[in-house]
Amino acid sequence: MQHRRKGRRTLLPIGAAVVATTVAAVGGLLITVRGVGGTGESQDRPSATPAVARIDCVKKGQLPGSGSTAQQNAMEHWIKEYQRACPGAQVAYNPVGSGAGVNQFLREATAFGGTDGALKPDEVERSRDICQGGRGIDLPMLGGPIAIGYNLSGVDELVLDAPTLARIFDSEIKEWDDPAIQELNPGTDLPDLPIQAVHRSDDSGTTQNFMTYLSGAAPQQWPYEGSKTWQGKGGHSADGSDNVASEVSSNHGAIGYFELSFATSLDIPTVEIDTGAPEPVAPSPKTASAGIATAQVVGKGKDLSLELDYSTTKSGAYPIVLVTYEVVCDKGNPAATLAVLKSFLTYTAGDEGQKILPSIQYAPLPEAIATRVRAVVGTLS
């Protein structure tokens, strides 16, 4: 079947001074931004300075978090805008990966953890030790496509499907001119070149979502379950989405998976996915939103974890998507961080925080889900 594209397109302990008057870094990864305003007055700024976001601020407080690299770019923007409006608050986020972020939250090293996969039952049980009288819950905060980026000189358009992707990332297809790839891309001059498939070396919710897509859409070719730890054979590895994207950008013949924002920032071309719909689907905030719109809330109580349909064949719905969660205690949050936590998450889940997401290649939450998130945040204690 021939398809043609329509277009192309660190952490510091709670209570420590985690933010300096300039951008600080811990291990080269900590994202912290000091407020540069907050009153909304000009203070001799150029007239082009963006308006300060409308946020229900707290007067002071510190909020350390860590985890998912998938939300790294959004978190950087959110922190910057939050602290422009709320200069008395100090927010830090260390993008160490979903697995590490959850573990640091469960060790009480942070006030919230960012993860691309909901808490497992054993993690919920562990959370009861730090959430006095409560438990850890998953609050969805943003969505987005997991892009498949590639580096092939002269190949500006590339279509793949789930079985072919599974065989590529399991080292079953090793050359770019393999007949399976050629069949999906008739008329494209594919090079006689080894494929360098790059996966995450760290525990990652991005990996979990990507493998869940492969197992759901190509179970015969991908015999592994979704997991934060990579399961495929062979390939190359790198720590974090940013380094996977850098590896792909730097090596001819490479292919890897990462959030669309990383592909955009490094100008990496992305694969369109043949889902069985009339046209292959490119990753974008709009197509990711179409994929996420079919998700169902499956969490219990205040937990709002979602179940995604990775095998969708809906026209215009990109199937390789993730939802990033912030993990917090429903009860028993540290008193020193609770006010800032509620203020910051109310902003990120609100209109001010969500409306900027498409401009940085993320998909906003469906409004029905965002409303539920804000309601739960308001009850945190």
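Which residues does Asp-303 touch, not counting residues up to four places away in sequence? Keep that in mind as you open the viewer; the tour answers it at the second stop.

**Before you start**

This is a predicted model, in which local features need pLDDT of at least 70 and side-chain atom pairs count only at pLDDT 80 or more, while totals for chains, interfaces and linings use all residues. Residues are numbered from 1 along each chain as its sequence is written, and side-chain values use heavy atoms, with hydrogens and water left out.

**Stop 1: the nonpolar core**

Select Trp-78, Tyr-82, Phe-169, Ile-255 and Phe-344. Of the 87 residues in the largest nonpolar core, these five touch the most other members. A nonpolar core here is a set of buried Ala, Val, Leu, Ile, Met, Phe, Trp, Tyr and Cys residues joined through side-chain atoms within 4.5 Å. Buried means under 20% relative accessible area, exposed means over 50%, and partly exposed lies in between, using a 1.4 Å probe and protein chains only. In soluble globular proteins, nonpolar side chains tend to be buried together.

Now show what surrounds Ile-255. Leaving aside neighbours within four places in sequence, Ile-255 is in contact (heavy atoms within 4.5 Å) with residues including Ile-148, Tyr-150, Leu-160, Phe-169, Trp-176 and Val-248.

**Stop 2: Asp-303**

Go to the loop between strand 11 (296-297) and strand 12, where Asp-303 sits. Helices (H or I, at least four residues) and strands (E, at least two) are DSSP runs, numbered from the N terminus. Asp-303 counts as buried because its relative accessibility is 4%. Here is the answer to the opening question: beyond four places in sequence, Asp-303 touches Arg-135, Ile-137 and Asp-138.

Display the side chains next. Asp-303 and Arg-135 are joined by a side-chain polar contact of 3.4 Å, and another, of 2.7 Å, joins the side chains of Asp-303 and Ser-305. A polar contact is a pair of N or O atoms within 3.5 Å; within protein, one must be able to donate a hydrogen and the other to accept it, and residues adjacent in sequence count only if both atoms are side-chain atoms.

**Stop 3: Tyr-318**

Move along to the loop between strand 12 (306-307) and strand 13 (321-329), and select Tyr-318. Is Tyr-318 buried or exposed? Tyr-318 is buried, because its relative accessible area is 0%. Its side chain reaches the backbone oxygen of Ile-146 at 2.9 Å. Among the residues in contact with Tyr-318, leaving aside those within four places in sequence, are Pro-145, Ile-148, Ile-273, Pro-283, Thr-287 and Gly-291.

**Stop 4: helices 10 and 12**

Colour helix 10 (residues 335-349) and helix 12 (residues 367-377). Two packed helices are described by the angle between their axes and the distance between the axes. In this pair the axes come within 9 Å and cross at roughly 170°. The axes are lines fitted to C-alpha atoms, for helices over the stretch in contact, and angles run from 0 to 180 degrees between N-to-C directions. Helix 10 and helix 12 are therefore roughly antiparallel to each other; angles over 145 degrees count that way, under 35 as roughly parallel, 65 to 115 as roughly perpendicular and the rest as oblique.

To see the contact, show Lys-342, Leu-345, Thr-346 and Ala-349 of helix 10 with Ala-370, Val-373, Arg-374 and Val-377 of helix 12.

While you are on helix 10, pick Ser-343. It counts as buried at 7% relative accessibility, and, beyond four places in sequence, Ser-343 touches Ile-55, Asp-56, Cys-57, Val-58 and Tyr-82.

**Stop 5: helix 7**

Select helix 7 (residues 240-250), whose buried residues are Gly-240, Ser-241, Val-244, Ala-245 and Val-248. Among the elements covering these residues are strand 5 (136-150), helix 6 (205-217) and helix 8 (260-266).

Most residues other than glycine have a negative phi, and most peptide bonds are trans. Glu-108, in the loop between helix 2 (98-106) and strand 4 (112-115), has a positive phi of about 65° although it is not a glycine. Gln-361, in the loop between helix 11 (351-354) and helix 12, also has a positive phi, of about 70°, and is not a glycine.
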